[in-house]
Amino acid sequence: GGGGGGGGGAAVSDEEVVAAAVADVMPGGAMSNYLRHACVAAVFGQTLFAHGAVDARTAGYVPDDSTRFCLPAAPQAGRMVDSVSEWVDALNGLLERGLADHAARPEWDAERATRGGEVLLALQNRDAMWGRSIVSNSYADGGCITTESAARVRQAALADAEARADPSAFAAVASDPLDAGVAAWLLRG
């Protein structure tokens with residue numbers, strides 16, 4: 001069982017904590033309501049906001065609605081778009097469709113094979129996205145990210161991930177904050 005939170009209230013069981021967390025993500029719950037008003041990415045003026053790294057793997061990439069939350073044997077379906085505004089619109093449309101799918105099918109199916117909104121679970125997971133998660137890709141897991149040494153480590157990790165054909169290997173890949181190709185794409189708008 002769980003303990004009180006130090007506030008002098010009654011003890012809360014683990015089961016009660018789980019039930020509250022599940023209720024939050026179900027349609028009408030606090031997290032569900034928050035996500036209905038959220039964006040995967042947004043542009044304000046000349047500034048792009050996204051939770052994760054905009055890098056050579058994520059820039060312009062939009063996962064397919066059928067993307068599964070799994071360890072795929074190969075990259076899952078998706079498409080590339082040309083402009084930042086088209087990309088932001090497509091990602092936010094994916095969020096809306098994923099939330100609608102979750103509202104329609106919030107529970108696992110009888111075989112526990114799929115559920116509504118699964119694309120949103122995948123979107124935040126580097127493994128499921130085969131290293132293309134705009135939510136969890138990052139520029140650093142610590143240390144100075146713009147040194148030649150960091151670039152060598154980044155290139156070696158990416159080469160290893162691609163050579164192994166193992167989606168879990170992308171966890172070791174940090175994004176390049178100085179990628180000229182990404183910068184040019186962002187500047188084109």
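Student: Ser-32: buried or exposed?
Tutor: Buried, because its relative accessible area is 9% and buried means under 20% (exposed is over 50%, partly exposed in between; 1.4 Å probe, protein chains only). This is a predicted model, where local features need pLDDT of at least 70, side-chain atom pairs count only at pLDDT 80 or more, and totals for chains, interfaces and linings use all residues. Residues are numbered from 1 along each chain as its sequence is written, and side-chain values use heavy atoms, with hydrogens and water left out.
Student: Where does Ser-32 sit?
Tutor: In helix 2, residues 30-36. Helices (H or I, at least four residues) and strands (E, at least two) are DSSP runs, numbered from the N terminus.
Student: And what does Ser-32 touch?
Tutor: Asp-24, Val-25, Met-26 and Pro-27, not counting residues up to four places away in sequence. Contact means heavy atoms within 4.5 Å.
Student: Now Ser-175. Which loop is that in?
Tutor: Ser-175 is between helix 5 (148-164) and helix 6 (180-188). It counts as buried because its relative accessibility is 4%.
Student: Which residues is Ser-175 in contact with?
Tutor: Beyond its neighbours within four places in sequence, Ala-53, Asp-55, Asn-137, Ser-138, Tyr-139 and Arg-154. With Asp-55 there is a side-chain polar contact of 2.4 Å. A polar contact is a pair of N or O atoms within 3.5 Å; within protein, one must be able to donate a hydrogen and the other to accept it, and residues adjacent in sequence count only if both atoms are side-chain atoms.
Student: How about Leu-158: what separates its C-alpha from that of Ser-175?
Tutor: 9.3 Å, with the two residues 17 apart along the chain.
Student: Switching to helix 3. What should its 21 residues span?
Tutor: 30 Å at 1.5 Å a residue, and the end C-alpha atoms of residues 84-104 are 30 Å apart, so the two agree. The expected span is 1.5 Å times one less than the number of residues.
Student: Which residues of helix 3 are buried?
Tutor: Among them are Val-84, Trp-87, Val-88, Leu-91, Leu-95 and His-102.
Student: Why would residues three or four places apart point the same way?
Tutor: Because an α-helix has 3.6 residues a turn.
Student: Zoom out. How many helices and strands?
Tutor: The protein chain has 6 helices and 4 strands, in the order α-α-β-β-β-β-α-α-α-α.
Student: What share of the chain is buried?
Tutor: 34% of the 189 residues. The C-alpha trace spans about 55 × 40 × 35 Å along its principal axes.
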